[in-house]
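Subject: Handover of a structure and notes on its contents

Dear colleague,

Please find below the structure that I am handing over to you. I would be grateful if you would read the notes that come after it with the structure open.

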Amino acid sequence: MRVRFWGVRGSFPVPGKQTNRYGGNTSCVEVEIDGHAPIVIDAGTGLRQLGKRLVRNEFLDGKGLVHMLVSHTHWDHIQGLPYFSPLYSEGNELQLYARQPGDTHLGAVLAHQNDGPYFPVPLDSLKARVQFNELLEGQQFDIGDVRVRCTRLNHPWIAMAYRLDYGGKSLVYCSDTAPFRDILLEHEFIATPPTVGGPLDTKHAIKLHMMREKLVDLCQGADFLIYDTQFTPVEYESKPHWGHSTPDDAIAIAREAGAKTLCLFHHAPARTDDQQDEIFATYKHLLRDDNLELLCAAEGMVVDLDKGDA
Amino acid sequence: MRVDVWGVRGSIPAPGPTTNRYGGNTPCVSVIDTKGHLCVIDMGTGIVPLGTALLQKSLPVRDDFGAGKGNATVLLSHGHWDHIQGFPFFAPVFIPGTKLSIFGNARTADRVEALLEGQMNPQFSPIYTLKNLGATIRFEGVREHQCFRVSDLEVSSMELPHGETSVLSFQIKEQGKTLIYASDAGYSASGAPDDVVEFYRDADVLIHDSTYTPEEQELRRNRGLSSYLDAAAVAARAGVGKLVLFHYDQDHSDDIVDENVRLCGQELERLGAGRTEVVGAFEGMQIDI
């Protein structure tokens with residue numbers, strides 16, 4: 001099982017010299033298994049480059065199958081979908097999985113992006129076959145020989161974390177989420193942030209505790225844990241309601257779950273490469289005597305779980 | 001008027017080392033008139049660095065955007081993603097007191113509002129609704145051939161073909177000088193209609209779509225975009241002073257754009273329009289007209 005990063009950025013794509021090394025495309029990760037259809041996690045702008053690579057192979061002849069796990073439908077996690085080349089060839093198939101949105105069908109939510117004033121090609125007129133698979137929190141299912149599990153995260157309008165197990169190796173994708181301590185994020189709009197470390201409604205506290213337990217369980221012994229670490233601790237103080245974590249939060253989860261490698265992901269749009277280097281170096285130093293290995297996601301980075309890269 | 005270019009890329013932002021010189025952000029151009037009023041054309045991701053520049057006070061605008069005293073006009077050519085996707089990340093919209101007037105390519109103000117409201121829907125955006133923004137926003141639907149005044153600027157619109165839909169081109173005049181913005185223009189193979197050429201006539205600066213090479217255009221005419229040859233042809237017919245190539249294909253590297261600009265210049269020479277200067281728009285470009 002190999003993990004390839006096509007987009008590592010949060011919020012919106014950020015072109016420019018200052019993001020050349022880590023990359024400016026929004027979230028998209030590919031899981032490659034020899035002889036298995038590609039599994040893509042999230043469809044940010046990084047998906048466009050992946051699509052260009054896929055259409056050189058069986059996708060060119062309309063014989064391609066791709067599976068896609070979507071964490072949630074915020075723009076930075078779906079905005080690459082209309083620009084995914086395999087969708088424009090007859091015969092290709094996309095199996096898309098995401099959390100059941102509640103009051104509407106997943107297909108209807110995603111169709112909005114391709115509709116009238118926004119995009120010229122409606123979703124239902126794409127040549128490829130697109131199938132929407134709605135997931136419930138905690139659901140377990142198989143994609144070929146890959147076992148997939150999911151659990152919900154603490155994010156506005158709710159996101160899903162996914163765990164993939166194959167051939168004795170495991171990967172968890174955990175983006176986007178706030179830590180599980182200062183605020184419960186679901187469907188309510190929160191205009192003003194609560195005080196970090198302040199008192200919490202008991203019901204909310206219980207719900208957050210259970211959510212965290214389930215996430216730790218999902219991450220149990222994972223070989224590779226990709227985690228939303230958009231904020232530095234100082235940035236988090238004023239934005240706990242934005243639904244993103246810090247490396248400290250990610251490290252705490254990784255340690256509790258006994259994950260082997262933690263990978264920082266979903267970098268803030270304003271973060272320059274040099275600043276990201278500094279964050280990475282700081283936490284690398286912090287973990288110098290730790291069993292937990294630390295990586296920082298960059299566009300083009302490939303991690304082979306079978307070769308012990310992670 | 002002073003023109004600043006913030007985003008030049010078509011379809012989708014194109015980050016990476018191969019777009020560093022021209023830039024990978026989607027369309028956004030600002031026009032500042034002699035009174036210091038800010039007029040923004042399109043809200044691709046280029047509007048994000050514009051927002052930063054406004055808060056850093058690095059532009060000669062009259063209003064203090066950081067203090068919630070910003071007042072800007074936005075002209076939207078159309079509602080495709082690459083022309084609106086920067087809006088939720090434009091810093092001044094979060095500052096209470098900011099005033100925005102958004103003129104969009106729709107028959108009614110409601111439709112312009114609905115376009116941006118749909119972008120903020122909680123399924124897609126943590127903002128949930130336009131009502132949660134700090135800014136006060138007024139919407140206007142713009143019809144073809146509508147003329148209106150924005151501070152000291154005289155603005156006229158013209159509808160251009162864009163595949164199965166249309167876009168607005170804007171003509172902006174101040175003190176006898178004229179700027180035309182014509183992104184996403186996609187004429188038929190026989191070229192721009194005469195009334196479009198008249199709309200561009202003698203403009204000092206024409207910012208024009210140049211998504212494709214002629215070879216790509218052969219295959220993609222139905223998408224409703226221009227090649228650099230289409231841009232050269234209409235610029236030559238209209239006798240414009242300066243042609244600014246714009247809205248580059250997401251897969252065109254800086255080197256390809258360099259070559260397209262050079263070949264566009266050759267084409268202008270061939271058409272007997274050697275007086276028309278051609279340049280490739282790049283992020284950070286400033287033109288004083």
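This is a predicted model: local features need pLDDT of at least 70, side-chain atom pairs count only at pLDDT 80 or more; totals for chains, interfaces and linings use all residues.

Residues are numbered from 1 along each chain as its sequence is written, chains are lettered from A and ligands numbered from 1 in the order in which they are written, and side-chain values use heavy atoms, with hydrogens and water left out.

The contact between the chains

The size of an interface is often given as the accessible area lost when the parts come together. Here chain A and chain B bury about 3000 Å² between them, 62% of it on carbon and sulfur atoms (accessible area, 1.4 Å probe, that two parts lose on being put together, summed over both). To this contact (heavy atoms within 4.5 Å) chain A brings 36 residues and chain B 32 residues.

Between chain A and chain B there are 15 residue pairs in polar contact, both residues being at pLDDT 80 or more. A polar contact is a pair of N or O atoms within 3.5 Å; within protein, one must be able to donate a hydrogen and the other to accept it, and residues adjacent in sequence count only if both atoms are side-chain atoms. On the side of chain A that touches chain B, at least two residues each come from helix H1 (46-54), helix H2 (75-78) and helix H3 (106-114) of chain A (helices are DSSP runs of H or I, at least four residues, and strands of E, at least two, numbered from the N terminus). H3(A) gives the most to that side, with three residues.

Salt bridges

Two salt bridges join chain A and chain B (a side-chain nitrogen of Lys or Arg within 4 Å of a carboxyl oxygen of Asp or Glu). A:Lys52 and B:Asp251 meet in a salt bridge through their side chains, at 2.7 Å from N to O. Over all chains the count is 37 salt bridges. Within chain A, A:Arg4 forms a salt bridge with A:Glu32, with the closest N and O atoms 3.2 Å apart. A:Arg4 lies in strand S1 and A:Glu32 in strand S2 of chain A, so this pair ties together parts that are 28 residues apart in sequence.

Helix packing

In chain B, the axes of helix H5 (residues 228-238) and helix H6 (residues 254-270) come within 9 Å and cross at roughly 35 degrees (axes are lines fitted to C-alpha atoms, for helices over the stretch in contact, and angles run from 0 to 180 degrees between N-to-C directions). Among the residues that meet are B:Leu229 and B:Ala232 in H5(B) and B:Leu263 and B:Cys264 in H6(B).

In chain A, helix H6 (residues 247-257) and helix H7 (residues 273-286) pack at an angle of about 35 degrees, with their axes 11 Å apart. A:Pro247, A:Asp248 and A:Ile251 of H6(A) make this contact with A:Ile279, A:Tyr283 and A:Leu286 of H7(A).

Backbone features

A:Ser175 and A:Asp176 are joined by a cis peptide bond, with omega about 10 degrees. A:Asp176 lies in the loop between strand S10 (169-174) and helix H4 (202-219) of chain A. A:Ser11, a residue other than glycine, has a positive phi near 75 degrees.

With kind regards
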